[in-house]
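Have it open while you read.

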Amino acid sequence: MLQIESVHKQYSTKVLLTDTSAHLRPNSRVGLVGPNGAGKTTLFKMILGEESPDKGTIRKRPRLRIGYLPQELETIVGKTALDAAHRDEYPEHEAKRILMGLGFSEADFHRPVDKLSGGYRMRVALAHLLLANPDVLMLDEPTNHLDKPTQRWFEQFLLDSRMTLLIISHDTAFLDRVVTHIWELRHHKIEEYRGNYSAFRDLRAERDAQLKASAARQAKEVARVQKFVDRFRYQANKASQVQSRIKQLEKVKRIEVQRDPKRVKFRFPLPDASGRHVLDLSGVGKRYGEKVVYETLDFSIERGQRIALVGENGAGKSTLLKMLAGVLPPDKGTRTVGHGVTLHYFAQHQAETLDPEHTVLESLEEVTKHAEMNFLRGIAGAFLFTGDEQKKPIKALSGGERNRVALARMLVEPANTLLLDEPTNHLDPASVDVLTDALVEFPGTIVFISHDPTFLMRISTRVVEIEDGKARNFIGDYEYYLWKKAQEFDSIKETSEDLSSKQQTKSSAPTRAMDHQTQPKSSGGDRRDLGKTQARLEKQIGRVESEIAAMEAKIKSRDQELADPALYQEFTKWNGLHLEQESWKKELERMTARWESLTAELEGVKEKLAASD
């Protein structure tokens, strides 16, 4: 379908690809991974014919139809979402079906594209591509602006479509669920792995360990032979043996163990502390035309909190962050900034605001009046821009590299409050880890939006859920928030089951129910009720414990099944079994949280019974 043959590519002194080859097979779903700046987007451009290899060729099947979704989109002017999504030759109802799957309501179909947020503009372009049903679909960071329900729909659409996919994504969970192969850009080559991202990571570690062991064995053998040569070089009776070993050494093809680029850790500059009250919105309202985002909202932030704003796309998370940052005035209400508060605001498309003609260093210079050049070079180096790379213009950088520049600008001048809208978009996993470590160590206040569950888990100390113009607080980390939501779901489910059961009981024995309701409760009745509650809870706990034991046994059995080497040859089957096991593990976490909740409730009932003795 598509063949990459001995391709070389470099810009000035920066080498991207050296004599690399790969084959994109029909119906395969390939994740293209590698550090920011390794050449992923450049490879896409060469496949599309927008750029040419310096050497080598990229062969395509005749009449191959390629669809491409880039990282950054040009704004479409003068068209509605529906008009831009479908073409004359495609049915309008199919366009509506795809748009709705991507999170649009019917009211959104006729909204002008240039009035939509960046995330929704991307979805319109994505809908257009999905309708076209190309032979090969190339996607560059497609999940950056998708909420969970939309992403689940999108993933299922891709799996059902049977299109050949080539995807650049730093969303490793997405790659785990979708891809059948991984192409890693590493050391200027494409290294191909069969399996999803988790399988790739394990296989790469195994391959690296084998290579390192082979290199060590070779080095040991070379040293042994060299020692013989050095010892007997000048002894006539050993001359033939010495010459034989010298030729042996000359024929050895040395195994090279190449090191990956070093990841530099950085810390945000230590700012002066703010007062206890950082930011406060009181009675704020905000609407866009007919759409009311917030009617009357109160929102307060205290020093040292790390607040995650969560909720579906379009709920108003970015709007709230902009009002907190002061870049978007509310229609009504007040914004109060606390004593000593200094702010840095990182917008969702912050990288787009950079001057494309400026170099990396010049972009850092823009945000300071007194910082020394050595200090700026150090910050650039912390974000992996070294040597001549610091003189590269912004327009020559990849999306991930531009995001790194935008983040680096926040380090030039210290601030004690960071407002971050999707800061990990376009960053490779290693860069996300570096940023996460720096934010965990940051002593100030952070309010952020992210779709990355690992980032949310590690950073947040408070979660605020935005829904229907309301901000609901969860004082705890993201794991606590998920646990509380699972609890609520179980409670709603049990309540509906109880109501159904009670209604059935009432219809079968109305007189007894009425008698029970008219009897006054006594302390003995309270005790009997507590006893019944205890029995009910103990029964539920026993049932959950049995379910947990059964699930643990299933997971253990599946571990043994997946460890069978023969199964590796049938990736589709292996991947299906692996994904099913992952869903079991999540269900086990939910069961465990349910058991903890029931146990705590039972302890409370026992304490009340003991107090009534």
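Which residue lies over the face of F385? That would be R404, at 4.9 Å from the ring centre. Keep in mind throughout that this is a predicted model. The rest of my points follow.

1. The three-stranded sheet. This one is open, with the strands in the order β11-β10-β13 and antiparallel pairing. The edges are taken by β11 (291–302) and β13 (332–337); each has a single partner strand, so one side of each is left without a neighbour in the sheet. Going from one strand to the next, the twist averages 15°.

2. The β10/β11 pairing. Strand β10 covers residues 277–288 and pairs with β11 in the antiparallel sense, over eight bridges.

3. What lies across β10, β11 and β13? It's helix α9, residues 317–325, and it runs at about 55° to β11.

4. Aromatic pairs, starting with α7. The structure holds ten aromatic pairs. One of them is F228 with F232, a tilted pair at 4.8 Å centre to centre and 55° between the planes. Both residues belong to helix α7 (residues 197–232), where they are four residues apart, or about one turn of the helix. Both F228 and F232 are buried, too.

5. F448 and F455. Why call this pair edge-to-face? The planes of the two rings are at 85°, and over 60 degrees counts as edge-to-face. Their centres are 5.5 Å apart. Are these two phenylalanines buried or exposed? F448 counts as buried because its relative accessibility is 1%, and F455 is buried as well, with a relative accessible area of 2%.

6. A ring cluster. Last one: Y193, Y197 and F200 are linked into a cluster by ring pairs. For any pair of aromatic rings, the description comes down to the distance of the centres and the angle of the planes.

Definitions and conventions. Residues are numbered from 1 along each chain as its sequence is written. This is a predicted model: local features need pLDDT of at least 70, side-chain atom pairs count only at pLDDT 80 or more; totals for chains, interfaces and linings use all residues. Side-chain values use heavy atoms; hydrogens and water are left out. Two strands pair if DSSP finds at least two bridges between them. Helices (H or I, at least four residues) and strands (E, at least two) are DSSP runs, numbered from the N terminus. Axes are lines fitted to C-alpha atoms, for helices over the stretch in contact, and angles run from 0 to 180 degrees between N-to-C directions. Contact means heavy atoms within 4.5 Å. Rings of Phe, Tyr and Trp (its six-membered ring) pair if their centres lie within 6.5 Å; planes under 30 degrees apart count as stacked, over 60 as edge-to-face and the rest as tilted. Buried means under 20% relative accessible area, exposed over 50%, partly exposed in between (1.4 Å probe, protein chains only). A charge sits over a ring if NZ of Lys or CZ of Arg is within 6 Å of the ring centre and within 35 degrees of the ring normal.
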